[in-house]
Amino acid sequence: MRARSSRQALLYLGVVLTCGVLLFPIYWLVVTALSPADSLHHLPPKFWPDVPQWGIFREIIEQRPIPLWLGNSILAALGSVGISMFVSVFAGYSLSRFRLRGGPSLGLFILTAKMLPATLLVIPLFGIFRQLGLIGSLWSIILAHATLIVPFSTWMLKGYFDTIPRELEQAAMVDGCSPLGAMFRVILPVATPGLAATALYGFVLSWSDYAYARTFLTNSQTNWTANLGITTMKGEYITNWNQISAAAVLVALPIIVIYLFLERYLVGGLTAGAEK
Amino acid sequence: MNQHHTIARPFTPRPAPARRRFGLDLARPSRRHWLGYLLLAPAVVLIALIIIYPLFVSVDMSFQNVGLVRLGAPRRPFTTINYERLFTSPEFWMACWVTFKLIVVVTISCFVLGVGTGLLVNNKFRGRAIARLFVALPWAVPEIVAVVIFAWIFDSSFGLMNWFFIKLGLVNTTINWFSDPTAAFAAVAVTMVWKGYPFVSIMTLAGLQSIPEDFYNAARVDGANAWQRFINITLPCLMPVLGVTMVLTILWVFRDFSIIYVLTGGGPLKATQTLSIMTYEQAFSFFKMGYASAVGVVTLILCVVASRLMVGRSTESIY
């Protein structure tokens with residue numbers, strides 16, 4: 001009994017230590033955001049500000065077009081996720097349910113597309129978008145982010161559809177549904193958690209992009225995404241760490257909230273393919 | 001739907017009235033695959049336009065001696081000069097070496113930390129749901145935010161890392177993290193490990209949970225102790241998942257752009273310039289698009305070859 005409880009205590013110690021070390025950087029970001037600027041230039045560092053400076057958020061919003069940047073990030077993510085989901089739901093369903101000639105090799109190609117370095121694709125896309133006059137427009141990154149999301153979401157959805165028994169559609173078709181009707185009325189409602197997880201993960205991918213935004217949106221501040229905006233707050237000589245930290249908190253917050261509420265679905269979808 | 005109806009008519013015998021509502025009778029086994037192709041078509045078109053065509057342009061560009069490309073402009077003559085320059089340039093081999101070093105350091109650290117953490121929170125204890133949520137949290141933090149955090153922690157005057165090192169008596173003067181090559185490499189590696197290890201934990205946990213409890217019960221009956229159970233059951237069952245995770249982690253380090261670019265820009269003295277950074281710099285700082293494409297194409301080939309070597313035929317299960 002004693003051996004067991006000391007083992008349990010050791011376990012707790014390990015967990016607390018691990019969580020503490022791993023979460024500390026996030027904690028430090030928040031503390032930095034809430035500290036007055038002069039106390040940051042001070043050693044030893046203060047691990048909690050005397051008076052948390054909540055006004056920092058108003059300050060950076062007044063000084064920088066942060067709401068606009070966040071809005072652009074949201075628009076870009078919604079646009080690219082919308083396009084990607086539209087094509088991926090159909091494609092994932094098709095790859096899961098039909099044995100098509102060329103299907104497996106297309107699937108394999110989509111996998112390879114996931115391996116493409118963004119830094120390679122960004123070069124021709126820059127040329128193409130420039131010719132189309134899309135440089136500087138949010139449409140450029142909506143399309144570019146679709147290159148990140150489509151391969152990923154098609155595979156995630158294929159994996160999810162694979163877990164839904166075929167008997168469901170067959171029963172619906174016996175009852176008089178067309179194959180498409182069976183997909184829309186029976187399978188998609190059942191697959192809602194998978195669809196939501198895929199869409200959210202796509203949202204995270206678009207939200208976190210820096211490479212495409214940095215290349216395609218350079219000319220005008222008003223079209224910047226939040227990620228791009230933040231990096232310009234890092235000064236060459238002096239960086240206001242509390243300001244940039246506060247902005248970083250605003251950028252990370254939506255994703256962290258999504259993660260905390262939907263961890264089970266997100267992680268389930270992500271690992272579904274690997275467990276097979 | 002109407003359109004399909006007219007196309008389909010010559011081939012279909014009169015559909016039963018109840019089915020007619022849906023136009024083409026795709027439920028018939030002989031027609032079903034049409035629906036399959038139809039559903040796949042939008043994805044194929046989109047991928048062709050935004051991935052395959054650009055990829056083709058890249059490869060084509062890598063065989064031309066071009067700067068800033070205008071797509072409308074006539075094609076430059078075919079040349080292999082970009083590749084010749086590439087393979088004779090010390091910068092390229094340096095970038096290969098940096099990429100390799102980073103992959104080894106980051107992947108090993110991510111695995112040690114990630115598998116350890118996964119095993120730890122797989123134990124039964126109160127609050128483990130919360131603990132699991134927390135240990136994977138850095139995975140949800142955008143890369144740029146991770147960069148902000150670590151750029152501040154590694155700040156040369158008031159950063160926490162310097163204070164910590166001095167406090168521990170490891171150094172007596174502050175380290176200029178981003179102007180010393182070794183220190184900058186370490187800073188990049190630490191940031192990447194922090195951002196990348198939770199993925200390994202998540203996958204390890206998923207792998208652990210798919211091992212049937214019966215295996216352990218049977219082993220206990222046979223008198224295996226904890227260590228033997230770990231070596232003979234846990235590790236072998238975990239191997240396939242870990243293999244896939246390793247490929248994904250390596251590919252991630254291989255391709256990563258934002259962490260390195262924003263943290264160090266590839267410097268100092270190209271100490272953190274990986275192949276990805278080199279590709280981008282050649283293209284958008286020096287506007288040598290042809291040369292940059294050649295670097296990118298080589299990177300891609302390395303990616304594909306490396307991942308095929310590591311997973312062989314089971315590539316399909318990767319994602």
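Residues are numbered from 1 along each chain as its sequence is written, while chains are lettered from A and ligands numbered from 1 in the order in which they are written. Since this is a predicted model, local features need pLDDT of at least 70, side-chain atom pairs count only at pLDDT 80 or more, and totals for chains, interfaces and linings use all residues; side-chain values use heavy atoms, with hydrogens and water left out.

Confidence comes up first. The model scores ipTM 0.88 and pTM 0.87. Contact here means heavy atoms within 4.5 Å.

As for its make-up, chain B has 15 helices and zero strands. Of the 319 residues in chain B, 52% are buried. Buried means under 20% relative accessible area, exposed over 50%, and partly exposed in between, using a 1.4 Å probe and protein chains only. Among chain B contacts between residues at least 6 apart in sequence, 62% join residues at least 24 apart.

In chain A, helix 7 (residues 138–162) and helix 10 (residues 192–208) pack at an angle of about 160 degrees, with their axes 10 Å apart. That angle makes helix 7 of chain A roughly antiparallel to helix 10 of chain A. Axes are lines fitted to C-alpha atoms, for helices over the stretch in contact, and angles run from 0 to 180 degrees between N-to-C directions. Angles under 35 degrees count as roughly parallel, over 145 as roughly antiparallel, 65 to 115 as roughly perpendicular, and the rest as oblique. The crossing of helix 7 and helix 10 in chain A is right-handed; a crossing gets that label if the near helix is turned clockwise from the far one by less than a right angle, and is left-handed if anticlockwise. Helix 7 of chain A brings residues including A:His145, A:Phe152 and A:Tyr160 to the contact, and helix 10 of chain A brings residues including A:Pro193, A:Tyr201 and A:Leu205. The contact residues of this pair divide into eleven nonpolar, six polar and no charged. In that count Ala, Val, Leu, Ile, Met, Phe, Trp, Tyr, Cys and Pro are nonpolar, Asp, Glu, Lys and Arg are charged, and the others, Gly among them, are polar.

A:Leu157 sits in helix 7 of chain A and is buried, with a relative accessible area of 0%. Leaving out residues up to four places away in sequence, A:Leu157 touches A:Met85, A:Ser88, A:Val89, A:Gly194, A:Leu195 and A:Thr198. A:Leu157 and A:Ala91 are 66 residues apart in sequence and 8.6 Å apart in space, C-alpha to C-alpha.

The axes of helix 8 (residues 143–153) and helix 10 (residues 181–209) of chain B come within 10 Å and cross at roughly 135 degrees, which makes helix 8 of chain B oblique to helix 10 of chain B. This crossing, too, is right-handed. B:Glu143, B:Ala146, B:Ile149 and B:Phe150 from helix 8 meet B:Val190, B:Thr191, B:Trp194 and B:Lys195 from helix 10, and these residues divide into five nonpolar, one polar and two charged.

B:Val135 is found in helix 6 (residues 128–135) of chain B and counts as buried at 2% relative accessibility. Its contacts, not counting residues up to four places away in sequence, are A:Cys19, B:Thr117, B:Val121, B:Tyr197 and B:Pro198. B:Thr107, in helix 5 (residues 90–122) of chain B, is buried at 5% relative accessibility. On the loop side, B:Leu269 has a positive phi near 55 degrees, lies between helix 13 (258–263) and helix 14 (275–284) of chain B, and is exposed at 73% relative accessibility. B:Phe287 has a positive phi near 50 degrees, lies in the loop between helix 14 and helix 15 (289–311) of chain B, and is partly exposed at 38%.

Terms used:
Helix = DSSP H or I, 4+ residues; strand = E, 2+ residues; numbered from the N terminus.
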